[in-house]
Amino acid sequence: MTILLEAKNLSKQYRLSHGQTLRAVSDVSLVVHRGEALALVGESGCGKSTLGRTLIGLGAPSSGDVFFEGERISGLSDRALRRWRPRMQMVFQDSSSTFNPRRTIGETLAEPMRIHGRTGIAERIAALLEQVGLSSSVLSRYPHEFSGGQRQRLNIARALMLGPDLLVADEPTSALDVSVQAQIVNLLRELRNSLGVACVFISHDLAVVRQMADRIAVMYLGRIVEEGDVLAVLQAPAHPYTRALLNAVPRPDRPLPPPLKGDVPSPIHPPQGCAFHTRCPLAQPRCAQERPEPHRIVEGRTVACHYPLL
Amino acid sequence: MGADALLKLHHLHLELPDGTALLEDVSLTVRRGDALGVVGESGSGKSLTAMSVMGLLPGLKASGSIGFEARELLGMKDREWRRLRGAGMAMIFQDPMTAFLPVRSIGAQIDEQIRLHERVSRREARARTVALLGRMGVPDPEAAAKRYPHQLSGGLRQRAMIAMALSCGPALLIADEPTTALDVTVQAQILTLLCEIRDSGAGVMLITHDMGVVAQTCTHVAVVYSGLVVEQGPVAAVMARPLHPYTQALLEAIPPLDGPRPDALPSIPGRPPAPDARPEGCVFAPRCRFVRPDCAVRPALREPEEGRRVACVLYDA
Ligand SMILES: Nc1ncnc2c1ncn2[C@@H]1O[C@H](COP(=O)(O)OP(=O)(O)OP(=O)(O)O)[C@@H](O)[C@H]1O
Ligand SMILES: Nc1ncnc2c1ncn2[C@@H]1O[C@H](COP(=O)(O)OP(=O)(O)O)[C@@H](O)[C@H]1O
Ligand code: SF4
Ligand code: SF4
Ligand SMILES: [Mg+2]
Ligand SMILES: [Mg+2]
């Protein structure tokens, strides 16, 4: 498989008003292969969205590099990035706020192609509407006339207008009801198969991730703590946090397990050593002192834990 | 229903002044020591059902019946309803910031709630507040009581709101999506707490759109679709063998967490009708895979099996 995008030791810090620093993403390295779907999962605030945006050049990293098809795209000026923009597109969770309420759907869909000086706009729109399962009668209508599920279809169509190689989808189904969520998950899978577009799929829902992704990267307080094949990781998690996250998913077919203690610590003052040690049921004295580095435990599985479960 | 029925809604119907029915026909029962999960998609009428029980819907016309501890609540005066809220029934919401004033400590607000219903000194009220926060699993409850709402994490705020709701020992606790805004690991903590409250003998009505949450927290479930209860029964039975085609479709649409991964998830085509555009017959008919001619007449909620109710022609004898 060829590597499409690669991040090396990527960090992103936000400077807060009181001179404090918030470490949203710390020392993340990952690759996305051509046509593959990589899921980023974790609890709110763990840095998924920040990482997703940084990967495609929406905001510069504080340190580290991003390569697209082997060329460094981090640290480029907006002008220099322009050439890469059509290749990487983003889909957000709240589809209502990403549409201009005063523009028709037709105008909104045409915009990316117009900005990049493309021709054949009408044909492209017609083809994409068909692919996302909408009729061309939507073109003269306004965003508020659509349901959440329909708006998400339009959002996906817009992101695909320029024929990107990589789609970063940030919680694309989280605001939807289950029945509509299933429609959108199916659509995204179909599009990946038919267009071969790679996808970084950000979600906190492990069941949706399992359905959508090839590989999974689990984040905790800005770091990737486990990474591997999605079915293998969810079948047998190696990191105690992955297991806790999996156990906490409410399922119709099993009782409520004993919950994990406490809250996620603040990313302004992350714990020393392993960031998970304040909540980890398996923590040992060493965990509070020494940070576990990601290491490969079996083929295709990387874990940052001193005492992995595998 | 049994003598221990705490809350019984019978053909509850709620409409706007223009005659649009927001709730068509909601019938359900909550018993003491039981937790009833009310599930349905966004806009199906879950919150409206809860607000009707709490008497918090001025301006909407309600008919049918809301029986609570052998009293009829519909038609009751505001003053009587206010007395009932707190000691009789209490409600918690998705966003705890709506339950607390931002400018006062959470302890002061819980103290006040206690003193509104009972003649106790400030000291006694605070002692009860601290004990309650402790029982809700708030670490260092004395210090936490002095904090302002925005100084607490989402999970702690939710615990504080539950403490406030329980401060006057209500017989019925209504929780409207109490964990939707929380992370799964914190959600699991709050659900565990709700199970304890249920086991202590209170009746719980838990509103959610998550079948997994219902399965793990509730004893019974009522499925709402477009302003109607379409199925109701014990959780284990409904999960194992859902009767209504909508309940079946809802359960099938949840992606599996183990076993083989399907190429496509079974999804329900279309979306629920708006309240002013409900079909005349079965409200689920436009999306139902079993639809047949007699679905054109709205099916009533029947009891084809002991303890299980369903509104669908497939079960009309
Ligand atoms: N005060 C109101 N005036 C008019 N329509 C209303 C009012 N409150 C609710 N509705 C409508 O009534 C229906 C049911 O609303 P309700 O808030 O009970 O849904 P819900 O099941 O709680 O949904 P959600 O899962 O999104 O919270 C919706 O169509 C809603 O738009
Ligand atoms: N523009 C910003 N300024 C300051 N802090 C931010 C900003 N964006 C995100 N953060 C913080 O960075 C952390 C990671 O945020 P985010 O990437 O949005 O997490 P996630 O998507 O996993 O919920 C959080 O603590 C968040 O509050
Ligand atoms: S390093 Fe220690 S604290 Fe961290 S996850 Fe592993 S066992 Fe738990
Ligand atoms: S009454 Fe008819 S349309 Fe309605 S759920 Fe039953 S079979 Fe489907
Ligand atoms: Mg996010
Ligand atoms: Mg609601």
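**Ground rules.** I am looking at a predicted model, where local features need pLDDT of at least 70, side-chain atom pairs count only at pLDDT 80 or more, and totals for chains, interfaces and linings use all residues. Residues are numbered from 1 along each chain as its sequence is written, chains are lettered from A and ligands numbered from 1 in the order in which they are written, and side-chain values use heavy atoms, with hydrogens and water left out.

**Ligand 3.** Which residues come nearest to ligand 3? I found C274(A), C280(A), C287(A), C305(A) and H306(A), out of 13 residues around it (near means a heavy atom within 4 Å). I sorted the shell into 10 nonpolar residues, 3 polar and no charged. For that sorting, Ala, Val, Leu, Ile, Met, Phe, Trp, Tyr, Cys and Pro are nonpolar, Asp, Glu, Lys and Arg are charged, and the others, Gly among them, are polar. Ligand 3 sits in the second largest cavity. A cavity is a set of points, on a 1 Å grid over the protein atoms alone, where a 1.4 Å probe fits but cannot get out; to sit in it, more than half of a molecule's atoms must lie within 2 Å of its grid points.

**Cores.** Next I looked up the largest nonpolar core, which has 68 residues. A core is a set of buried Ala, Val, Leu, Ile, Met, Phe, Trp, Tyr and Cys residues joined through side-chain atoms within 4.5 Å, and buried means under 20% relative accessible area, exposed over 50%, partly exposed in between (1.4 Å probe, protein chains only). Helix 6 (residues 178-195) of chain A gives the most to this core, with 7 residues. Helices (H or I, at least four residues) and strands (E, at least two) are DSSP runs, numbered from the N terminus. There is also a second, separate core of 63 residues, including V178(A), A125(B), A215(B) and Y225(B).

V41(A) is among the residues with the most contacts inside the largest core. Leaving out residues up to four places away in sequence, V41(A) touches, among others, L206(A), V209(A) and I216(A) (contact means heavy atoms within 4.5 Å).

**Helix 3 of chain A.** What does the buried side of this helix pack against? Its buried residues pack against helix 4 (121-131) and helix 5 (148-160) of chain A. One of those buried residues is A110(A), at a relative accessible area of 4%. A110(A) touches I121(A) and I125(A), not counting residues up to four places away in sequence. Its C-alpha is 8.1 Å from that of M161(A), 51 residues apart in sequence. After the helix comes G117(A), with a positive phi near 65°.

**Chain B helix.** I found Q187(B) in helix 7 (residues 184-199) of chain B. Buried or exposed, I wondered about Q187(B)? It counts as buried, because its relative accessibility is 7%. Q187(B) touches P250(A) from the other chain, plus T179(B), L182(B) and V213(B), again not counting residues up to four places away in sequence.

Most residues other than glycine have a negative phi. L221(A), though, has a positive phi near 45°. I found L221(A) in the loop between strand 9 (215-220) and strand 10 (223-229) of chain A, buried at 8%. S226(B) has a positive phi near 50° and lies in the loop between strand 9 (220-225) and strand 10 (228-234) of chain B. S226(B) is buried too, at 6%.

Definitions and conventions
On a 1 Å grid over the protein atoms alone, a cavity is a set of points where a 1.4 Å probe fits but cannot get out, and a pocket is an open set with protein on both sides within 12 Å along at least five of seven lines; lining residues have an atom within 4 Å of a point.
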